[in-house]
Every structure is written in C-alpha cells, then in structure tokens.
Amino acid sequence: MIYPHLAILDTEKSWKELVLDKKTLTQVEEIKNRLKQSPAINIGRTIRKKIKPGYRALFYGASGTGKTSTAALIGKELNKEVYKIDLSQVVSKYIGETEKNLELVFASAKDKDWILFFDEADALFGKRTDVKDAHDRYANREVSYLLQRMEEYRGLAILATNMKNNIDPAFTRRFNAIIRFKSV
C-alpha cells in the first residue's frame, strides 16, 4: 500500500556511529526501554483511564545533532517501521485540507505499531495565536485537532525541531519525553 504523506525512514548507521552526549543517550535509552516493556505491561481498567495511549517525544536541537538518525535507530533496534511525515504534503493553505491529510496519516498508522516521525515539527505543531480573523481561528482549530489525534495515537510519535520555543505549550505538556540534542 502506498502512503502519499509518509516516507520510510531507515538508516545503515549503528549506535556506535551516532555521537550523543551522555544525558541525551540516557533519555533515548529510557524511550527504548519503555517501548520494549510496553507490550508486557498489563494495567488495570482504572489506571488505563488515567494513562494516555502511546508515547510522545520531542527531540530538539540544532541541525545535524542526530535527531533524525536517533529516530531511525530506535526503529531499527526495536524492529519497527519508522515513517517520516512529509510536511510539504500534509500542510495545506486551503481550509480543511491539512486536517484531511493528517487524518490520512493517522488512519494509515492505526494499529500498525509504527513510529511516526514529524521533522521540522514547529511548522505543524506551532503555537496558537490570538484570533484576529477567520484564518487564525482555523489555524488554531488545526492545532487543536492535531493535539487530539496525537493523544489518541497508540504508537511512538517523535517530533523534531530546531526551535523548541515555537511548539505550542499544549503539546509540550503532553510529551512523555523532551530531549535536547546538542553538538558534541
């Protein structure tokens, strides 16, 4: 099946070739351990209502610090397909089209145990603004819709950005992990 908004993210690299500082590597290890254990975790109905499905991580830092390679290596190690969302195919200037395109992404990924990787995520997950016109109101609705879909996604979703401060605070509150990638 062809997914027009998704591209497989793969790598020939190994963890040994990736240069990450100790704190970043420790945080990435925590994500991998969580994903390795999640199928074995049997939680009760009461706890299930309080815990959101899936896992959401934000990778932020300058270009070339290993965000994309890390996402690909996590998938490689856990034997999960990593799909990079092509934001040029998702974001539309036409009202309603971005939501339709996002729905295609999430519907394609439903129940497939994929890792979704949103590169340059601030373009899509940007801060909501004061409403000055209909366009602002609709842009804010797009962000709200995306927030809802991210919370419902049962797999790992990784957002990567060079500009963490441009991500809407409503998203940052919902991340399970926020990891800074530094030049080493």
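Tutor: Two strands count as paired if DSSP finds at least two bridges between them. Strands (E, at least two residues) and helices (H or I, at least four) are DSSP runs numbered from the N terminus. This model is predicted: local features need pLDDT of at least 70, side-chain atom pairs count only at pLDDT 80 or more, and totals for chains, interfaces and linings use all residues. Residues are numbered from 1 along each chain as its sequence is written, and side-chain values use heavy atoms, leaving out hydrogens and water.

Student: In what order do the 6 strands of the open sheet lie?
Tutor: The pairing is mixed. β1 (6–8) and β6 (177–181) each pair on one side only, as edge strands. The twist averages 25° from one strand to the next. The order is β1-β3-β4-β5-β2-β6.

Student: Which residue of β4 is the bridge partner of K84?
Tutor: β3 (residues 82–85) and β4 (residues 115–118) run parallel, joined by 3 bridges. In β4, K84 has as its bridge partner F117.

Student: And which residue of β5 is the bridge partner of L116?
Tutor: β4 and β5 also run parallel, with 4 bridges joining them. In β5, the partner of L116 is A157.

Student: What angle does helix α5 make with β4?
Tutor: Helix α5 (residues 97–109) packs on the sheet and touches β1, β3 and β4, with contact meaning heavy atoms within 4.5 Å. Axes are lines fitted to C-alpha atoms, for helices over the stretch in contact; angles run from 0 to 180 degrees between N-to-C directions. Between α5 and β4 the angle is about 155°.

Student: Which helix lies across β2, β5 and β6?
Tutor: It spans residues 22–37. Its direction is at about 145° to β6. This is helix α1.

Student: Which residues touch the most other members of the largest nonpolar core?
Tutor: A nonpolar core is a set of buried Ala, Val, Leu, Ile, Met, Phe, Trp, Tyr and Cys residues joined through side-chain atoms within 4.5 Å. The largest has 25 residues. Elements giving it two or more residues include β3, α5 and α6 (134–152). The residues asked for are I85, F106, L116, F118 and M150.

Student: How is the ring pair of Y83 and W114 classed?
Tutor: Rings of Phe, Tyr and Trp (its six-membered ring) pair with centres within 6.5 Å; planes under 30 degrees apart are stacked, over 60 edge-to-face, the rest tilted. Y83 sits in β3 and W114 in the loop between α5 and β4, 31 residues apart. Both are buried. Their centres are 4.1 Å apart and their planes at 40°, so the pair is tilted.

Student: Is N79 buried or exposed?
Tutor: N79 lies in the loop between α3 (67–78) and β3. Its phi is positive, about 55°, although it is not a glycine. At 74% relative accessibility, N79 counts as exposed.

Note on methods. Buried < 20%, exposed > 50% of the residue type's maximum accessible area, 1.4 Å probe, protein only.
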